[in-house]
Amino acid sequence: MTILDVKDLAKGFGGIRAIQGLSFSLRAGAIHSIIGPNGAGKTTLFNLVTGLYAPDQGRIAFLGETVTGLPPHRLAAMGLQRTFQNLQIFETMTAVENVMVGRHLHILRGLLPSLFRLPSIVRSDRDARERASRLLDFVGLGTYAEIPAGAMPYGALKRLEIARALAAEPKLLLLDEPAAGCNAAETQEIDTLIQRVAAAGVTVVLVEHDMSLVMGVSDHILVLDHGQKLAEGPVAEIRANPAVIEAYLGTRAAEAGAVPAPAG
Amino acid sequence: MRVPLPSDDWIADPRRGGLALLALVLVVLPIFLPNRFYYDVAIHAGLAAIAVVGLNLLIGYAGQISLGHAGFFGLGAYGSAVLTGTHGWPPLLALLASALVVAVLAFLVGRPILRLRGHYLAMATLGMGLLIFMVITNERTVTGGPDGMAVPALDIFGFSLSGRNKQAWYALVALCLLLAVWLALNLIDSPVGRALRALHGSEVAARVGGVDVAEYKLIIFVISAVYASVAGSLSAHYGGFITPDAVGFLHSIELVTMVVLGGMASTYGAVVGAAVLVALPQFLTAFHDYEQVMLGAILIVCMIFLRRGLLPSAIDLIRARRP
């Protein structure tokens with residue numbers, strides 16, 4: 001089953017065409033990676049898919065429905081979530097509150113019950129807090145629950161974003177460079193986390209420069225270059241593709257590819 | 001190791017400790033008010049605090065500026081004045097009707113202008129405030145124009161509260177302030193409040209998380225306008241006379257200054273900010289002509305050394321001294 005279908009997508013900024021004539025579709029229940037050199041249009045693609053940008057042309061279908069031009073909160077309600085390359089954290093809120101915002105669409109949020117703190121809101125908030133704490137434990141941040149997010153270390157914030165996204169119970173989760181700036185041990189934790197998320201039935205799309213992570217976890221890879229599709233296919237195929245090696249991976253990576261990538 | 005919850009700390013737990021402490025302060029304060037003049041200062045501070053607690057929800061928590069809230073304050077005040085004075089409505093009904101009109105107006109004005117951000121939003125709300133000021137100043141037949149108009153005494157369930165009855169007014173304002181603070185605290189610690197704080201922290205992340213950012217900005221704009229309107233209605237009845245000064249730009253600035261001085265995103269800070277800024281000029285009268293200069297200097301010094309505002313900075317100090 002196709003979860004995301006992109007047809008003839010284009011987006012430009014001034015004279016720069018960030019995405020042009022891009023078409024691809026992603027199968028549900030797999031881990032997909034999007035790779036390509038800096039400026040290939042990976043983050044722009046995420047911004048288009050999540051509704052933060054409106055495309056100049058083209059069509060995006062999520063779960064079989066055309067969603068082109070829908071605002072992000074409507075897409076979130078349909079089961080689309082993402083994390084950000086440059087962290088987008090609610091810094092003055094505690095870690096658990098950050099994750100509770102992710103529960104927003106699933107909990108009671110009436111204005112009058114909130115103002116008068118009616119028992120219904122108290123109960124629903126208590127449930128939300130419990131679920132959020134469990135998610136923090138799931139991503140390994142249980143000890144940070146009541147710490148203001150602004151005081152947390154960088155590596156922890158990467159996982160906090162994942163927990164917040166998971167709180168919304170997404171069907172499709174877009175991860176924008178979750179391992180950027182992480183050391184080897186932290187990258188290994190992200191690797192494991194991605195596989196556990198996928199095992200829970202969430203379709204994952206990963207944008208990442210760490211090739212051993214990408215090659216290790218992905219079922220399917222899409223390669224972008226200058227806003228266009230350069231190649232797509234299973235890991236082994238992409239690794240051997242001369243055009244991909246030329247544009248992005250380079251010969252060293254191709255040689256490294258001969259060594260089995262660390263399994264998660 | 002699990003880090004201790006901040007709620008183990010009574011200062012940080014707004015509902016359990018903070019509200020009780022505020023109530024205690026409000027009950028004990030009259031002992032230190034030697035005469036009617038000091039009661040008057042306390043009542044004015046309390047009335048300002050109600051408006052500022054509401055404005056702090058908008059500025060401190062949701063991160064949206066308004067330089068026109070005196071407009072809503074003024075509409076509440078003039079609404080009550082006209083409906084009770086000219087049309088003989090019961091004051092409570094007039095207060096509620098004025099608040100409803102202000103809510104509708106804030107909704108209609110807020111829809112287009114809350115799309116704006118930062119300085120542009122500041123300009124737009126400034127324009128809105130000036131517009132309300134001009135209308136109130138020019139509609140002489142209704143509002144008395146620049147000369148102002150008299151307002152009948154507040155009359156609740158048969159009890160007539162003239163502005164001269166300081167003790168009764170003090171009690172009423174204290175109760176209203178407690179209610180205002182309680183509602184604000186509830187809101188902040190609810191899904192609505194979390195959505196507001198989230199969109200302040202990162203609008204993109206809030207939107208992707210499912211928060212309809214435009215809707216929530218509008219909700220809090222309307223709520224803060226209603227706070228200002230109610231404070232305006234009560235002020236009009238207490239003072240017994242209103243002039244367009246209450247609607248003016250300087251009053252809007254004063255309200256924003258109280259939010260910032262007390263501490264953004266701190267409800268009790270808003271109360272402290274209002275109290276200090278109302279009381280301070282009374283203690284500075286000794287400086288005669290230089291009163292405004294002293295006030296300005298104190299504000300500058302506060303902003304340099306206590307940038308987070310009076311109350312959050314004070315709490316930090318207390319925490320730092322504990323072992």
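Tutor: Let us start with a term: two strands pair if DSSP finds at least two bridges between them. Please also keep in mind that this is a predicted model.

Student: In which sense do β1 and β2 of chain A pair?

Tutor: Strand β1 (residues 2-13) of chain A and strand β2 (residues 16-27) of chain A pair in the antiparallel sense, over 8 bridges. One of the bridges joins A:F13 to A:I16 in β2(A).

Student: How many residues are between the strands in that hairpin?

Tutor: There are 2 residues between the strands of the hairpin. A:G14 takes a positive phi near 60 degrees there.

Student: Changing topic, how many residues of chain A are in contact with chain B?

Tutor: In chain A, 36 residues are in contact with 28 residues of chain B. On the side of chain A that touches chain B, at least two residues each come from α2 (72-78), β6 (80-82), α3 (95-102), α4 (111-115) and α5 (119-138) of chain A. By class, the residues of that side are 19 nonpolar, 9 polar and 8 charged.

Student: And what ipTM does the predictor give the complex?

Tutor: The predictor gives an ipTM of 0.90, together with a pTM of 0.92.

Student: Now the helices. How does one describe two packed helices?

Tutor: One gives the angle between their axes and the distance between the axes. In chain B, helix α3 (residues 69-86) and helix α5 (residues 118-138) pack at an angle of about 30 degrees, with their axes 8 Å apart. Angles under 35 degrees count as roughly parallel, so α3(B) is roughly parallel to α5(B).

Student: Which residues make the contact?

Tutor: From α3(B) they are B:A70, B:G71, B:G74, B:L75 and B:Y78, and from α5(B) they are B:M128, B:G129, B:I132, B:F133 and B:I136. This contact has 7 nonpolar, 3 polar and no charged residues.

Student: At what angle do α2 and α11 of chain B cross?

Tutor: The axes of helix α2 (residues 36-61) of chain B and helix α11 (residues 249-262) of chain B cross at roughly 70 degrees and come within 9 Å. These two helices, α2(B) and α11(B), are therefore roughly perpendicular to each other. The residues of their contact divide into 9 nonpolar, 2 polar and no charged.

Student: One last topic: is B:G110 buried or exposed?

Tutor: B:G110 counts as buried, because it has 24 C-beta neighbours inside 10 Å; the cut-off for buried is 20 or more. This glycine is found in helix α4 (residues 91-113) of chain B.

Student: Which residues does B:G110 touch, leaving out those up to four places away in sequence?

Tutor: B:G110 touches B:L218, B:F221 and B:V222. From C-alpha to C-alpha, B:G110 and B:V222 are 7.8 Å apart in space, although 112 residues apart in sequence.

Technical notes: Residues are numbered from 1 along each chain as its sequence is written. Chains are lettered from A and ligands numbered from 1 in the order in which they are written. This is a predicted model: local features need pLDDT of at least 70, side-chain atom pairs count only at pLDDT 80 or more; totals for chains, interfaces and linings use all residues. Two residues are in contact if their C-beta atoms, placed from the backbone, lie within 7 Å. Helices (H or I, at least four residues) and strands (E, at least two) are DSSP runs, numbered from the N terminus. Ala, Val, Leu, Ile, Met, Phe, Trp, Tyr, Cys and Pro count as nonpolar, Asp, Glu, Lys and Arg as charged, and the others, Gly among them, as polar. Axes are lines fitted to C-alpha atoms, for helices over the stretch in contact, and angles run from 0 to 180 degrees between N-to-C directions. Angles under 35 degrees count as roughly parallel, over 145 as roughly antiparallel, 65 to 115 as roughly perpendicular and the rest as oblique. A residue is buried if 20 or more other C-beta atoms lie within 10 Å of its own, exposed if 12 or fewer, and partly exposed in between; C-beta atoms are placed from the backbone.
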